[in-house]
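Subject: Structure handover and notes

Dear colleague,

I am passing on the structure we spoke about, with the sequence alongside.

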Amino acid sequence: MTRVPRGYIARRRRTKMRSFASNFRGAHLRLNRMITQQVKRAFVSSHRDRGRQKRDSRRLWITRINAATRIYKVFDSYSKLIHNLYKKKLILNRKMLAQVAVSNPNNLYTISNKIKIIN
């Protein structure tokens, strides 16, 4: 049987997958079938963890704001601070509030004085 020269498409596909697996170790770097399995798994994990990272960051910001409001006695709790922010239509996202609470608590006082609602 004569030798048939094959095309380059399959080789190009494997090379592309191999470039994704360049930081893997052992057989996950060397064997084509293992490379495809591990790269697919890595893509699934990265897609899932992008959402999880946003969720975890938001939880961290909320925890920092809550701790700062209780320590510096700005409000009784995080929920009252956020509620009063919304009532006064003062739009600050949680990331900014957490940064202010950690780096400069005096600014947190000024924000709270702006939104204190006298009943």
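What follows is a description of what was found, taken topic by topic.

Please keep in mind throughout that this is a predicted model.

I begin with the core. The largest nonpolar core has 14 residues, and those that touch the most other members are Ile65, Leu81, Leu85, Leu97 and Leu108. Helices H3, H4 (78–87), H5 and H6 each supply at least two residues of this core, and the helix that gives the most is H4, with four residues. If you centre the view on Leu81 and set aside its neighbours within four places in sequence, you will find Leu81 in contact with Ile65, Thr69, Phe75 and Ile115.

Thr69, one of those partners of Leu81, is placed in helix H3. Its relative accessible area is 0%, which is under the 20% limit, so Thr69 counts as buried. Beyond the residues up to four places away in sequence, Thr69 touches Val74, Phe75, Ser77, Tyr78 and Leu81.

The next topic is the pairing of two helices, H5 (residues 94–103) and H6 (residues 105–115), whose axes come within 5 Å and cross at roughly 125 degrees. On the H5 side the contact is made by Leu97, Val100, Ala101 and Ser103, and on the H6 side by Pro105, Asn107, Leu108 and Ile111. Sorted by class, this contact has six nonpolar residues, two polar ones and no charged ones.

Within H5, Val100 deserves a look of its own. Val100 touches Pro105, Asn107, Leu108 and Ile111 when residues up to four places away in sequence are not counted, and it is partly exposed, with a relative accessible area of 21%. The C-alpha atom of Val100 is separated by 9.6 Å from that of Ala68, although the two residues are 32 apart along the chain. Ser57 lies in helix H3 and is partly exposed, at 24% relative accessible area.

As for aromatic rings, the count comes to one pair. The ring centres of Phe20 and Phe43 are 5.1 Å apart and the ring planes stand at 80 degrees, which is over 60, so the pair is edge-to-face. The pair links distant parts of the chain, with Phe20 in helix H1 (residues 9–20) and Phe43 in helix H3 (residues 32–71), 23 residues apart. Phe20 is partly exposed at 42% relative accessible area, and Phe43 is partly exposed at 43%.

Finally, there are two backbone points to check. Most residues other than glycine have a negative phi. Lys73, however, has a positive phi of about 50 degrees although it is not a glycine, and Lys89, also not a glycine, has a positive phi of about 55 degrees. Lys73 lies in the loop between H3 and H4 and counts as exposed at 66% relative accessibility, while Lys89 is found in the loop between H4 and H5 and counts as exposed at 72%.

With best wishes

Conventions: Residues are numbered from 1 along each chain as its sequence is written. This is a predicted model: local features need pLDDT of at least 70, side-chain atom pairs count only at pLDDT 80 or more; totals for chains, interfaces and linings use all residues. Side-chain values use heavy atoms; hydrogens and water are left out. Axes are lines fitted to C-alpha atoms, for helices over the stretch in contact, and angles run from 0 to 180 degrees between N-to-C directions. Contact means heavy atoms within 4.5 Å. Ala, Val, Leu, Ile, Met, Phe, Trp, Tyr, Cys and Pro count as nonpolar, Asp, Glu, Lys and Arg as charged, and the others, Gly among them, as polar. Rings of Phe, Tyr and Trp (its six-membered ring) pair if their centres lie within 6.5 Å; planes under 30 degrees apart count as stacked, over 60 as edge-to-face and the rest as tilted. Buried means under 20% relative accessible area, exposed over 50%, partly exposed in between (1.4 Å probe, protein chains only). A nonpolar core is a set of buried Ala, Val, Leu, Ile, Met, Phe, Trp, Tyr and Cys residues joined through side-chain atoms within 4.5 Å.
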